[in-house]
4 protein chains.
Amino acid sequence: MEHDHHDNIQRLKIVEGHIRGIQRMLENDQYCIDIIRQIHAVQAALNKISANLLDGHLNSCLLSAIQGEDPLERTRVLKEITEVFETANKV
Amino acid sequence: MEHDHHDNIQRLKIVEGHIRGIQRMLENDQYCIDIIRQIHAVQAALNKISANLLDGHLNSCLLSAIQGEDPLERTRVLKEITEVFETANKV
Amino acid sequence: MEHDHHDNIQRLKIVEGHIRGIQRMLENDQYCIDIIRQIHAVQAALNKISANLLDGHLNSCLLSAIQGEDPLERTRVLKEITEVFETANKV
Amino acid sequence: MEHDHHDNIQRLKIVEGHIRGIQRMLENDQYCIDIIRQIHAVQAALNKISANLLDGHLNSCLLSAIQGEDPLERTRVLKEITEVFETANKV
């Protein structure tokens, strides 16, 4: 692997277990507000994972693109970062 | 069940599959920006589920609490809604 | 006034001053990341104000609507709360 | 100016006017949900401005830092971007 994703994969496995736990809360008709709070906890965990991924991306692909020879590739990579930043504000 | 959570459970199963797909993307060292976009898609799906849950909650527990006799219970239920609204702004 | 909005109006005046400060940062070509951080601070202040407003709304209009005679009005008021909750997740 | 911030300053002036409009809505005790919707509109406008600023930053300071000689400066600039991305998820 170019990136060491071990930590993020572990975090996603925890998120997956969390999602199954929320399914059981729904099946057992638990209190809706408690379920919403659990969904918010999952969202916070996903935010952390996407920030880790961006950090890895900036320190590898972005560096390569900027130090590389291809101006179109550089433009593309910079534009993508603005796009995910803008989407991050909206989800 | 007091609430019909069938639809939300189905949505969560889809989210769970989506999370496993993202794990595979990491294992296969796919492009980080594409992985972040998938995480954003999962977060949008979770937002929809929490909005559905709040809708069900308002039309059942909240109604009961407000039409009930217990002022403390009413205060508690209203306060919880403000709290999840405030957290929704932050995740 | 039905609601006491004194506190929220004061908070909005502070936000307004903050926005003017950010304009000056731009005019003086200050460091972009510092400006983005100030925008994030404004957004956190706005989140607090919208949570305060929702709290006041739940304890007045929502209570009246639910305790009132008009089922359509009740449905409308509950639906609006779900809508602003869903939008809160997205801005 | 290193950056052309004309467009963003204009956007911030519009936001400032919007904030004053929201103050008047509060002074006139207008419907809380409508006020919350206006706050959400301001948040969306601020998201757009911070995305514009990040875009400018990536195409100037970040490029200079990465193409420059100083590895600490490069690390610092990359870290800041991850930080504002992570905060963007939370406000």
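Mentor: Helices (H or I, at least four residues) and strands (E, at least two) are DSSP runs, numbered from the N terminus. The model is predicted, so that local features need pLDDT of at least 70 and side-chain atom pairs count only at pLDDT 80 or more, while totals for chains, interfaces and linings use all residues. Residues are numbered from 1 along each chain as its sequence is written, and chains are lettered from A and ligands numbered from 1 in the order in which they are written.

Trainee: What radius of gyration does chain A have?

Mentor: The C-alpha trace of chain A spans about 60 × 30 × 15 Å along its principal axes. The radius of gyration is taken over C-alpha atoms, and the globule rule is 2.2 Å times the number of residues to the power 0.38. For a compact globule of 91 residues the radius would be near 12 Å, but that of chain A is 18 Å.

Trainee: Is H1(B) roughly parallel or roughly antiparallel to H2(B)?

Mentor: Axes are lines fitted to C-alpha atoms, for helices over the stretch in contact, and angles run from 0 to 180 degrees between N-to-C directions; angles under 35 degrees count as roughly parallel, over 145 as roughly antiparallel, 65 to 115 as roughly perpendicular and the rest as oblique. The axes of helix H1 (residues 6–27) and helix H2 (residues 32–67) of chain B come within 10 Å and cross at roughly 165°. The relation of H1(B) to H2(B) is therefore roughly antiparallel.

Trainee: How many residues of the contact of H1(B) with H2(B) are nonpolar?

Mentor: Two residues are in contact if their C-beta atoms, placed from the backbone, lie within 7 Å. The residues that make the contact include B:Leu12, B:Val15 and B:Ile19 of H1(B) and B:Ile39, B:Val42 and B:Leu46 of H2(B). Ala, Val, Leu, Ile, Met, Phe, Trp, Tyr, Cys and Pro count as nonpolar, Asp, Glu, Lys and Arg as charged, and the others, Gly among them, as polar. In the contact of H1(B) with H2(B), two residues are charged, four are polar, and the nonpolar ones number 14.

Trainee: Which element gives the most to the side of chain A that touches chain B?

Mentor: The contact takes 40 residues from chain A and 40 residues from chain B. On the side of chain A, the elements that give two or more residues are helix H1 (6–27), helix H2 (32–67) and helix H3 (71–88). With 19 residues, the element of chain A that gives the most is H2(A).

Trainee: By what turn can chain A be laid on chain B?

Mentor: Copies are superposed by least squares on the C-alpha atoms of residues with pLDDT of at least 70 in both. The two copies are related as by a two-fold rotation axis, because chain A can be laid on chain B with an RMSD of 0.0 Å and a shift of 0.0 Å along the axis, by a turn of 180°.

Trainee: How many residues of the side of chain C that touches chain D are nonpolar?

Mentor: In this pair, 40 residues of chain C are in contact with 40 residues of chain D. H2(C) supplies the largest share of the side of chain C that touches chain D, 19 residues. By class, that side has eight charged and 11 polar residues, and its nonpolar residues number 21.

Trainee: What percentage of the contact residues of chain C recur in chain D?

Mentor: Chain C can be laid on chain D by a turn of 180° and a shift of 0.0 Å along the axis, with an RMSD of 0.0 Å. The same surface serves both copies, and the share of the contact residues of chain C that recur in chain D is 100%.

Trainee: Is H2(C) roughly parallel or roughly antiparallel to H2(D)?

Mentor: H2(C) and helix H2 (residues 32–67) of chain D pack with their axes 10 Å apart, at an angle of about 165°. H2(C) and H2(D) are therefore roughly antiparallel.

Trainee: Which residues of H3(D) make the contact with H2(C)?

Mentor: The axes of H2(C) and helix H3 (residues 71–88) of chain D come within 11 Å and cross at roughly 15°. H2(C) and H3(D) are therefore roughly parallel to each other. H2(C) contributes C:Ile33, C:Ile36, C:Arg37 and C:His40 to the contact, and H3(D) contributes D:Glu80, D:Val84 and D:Thr87.
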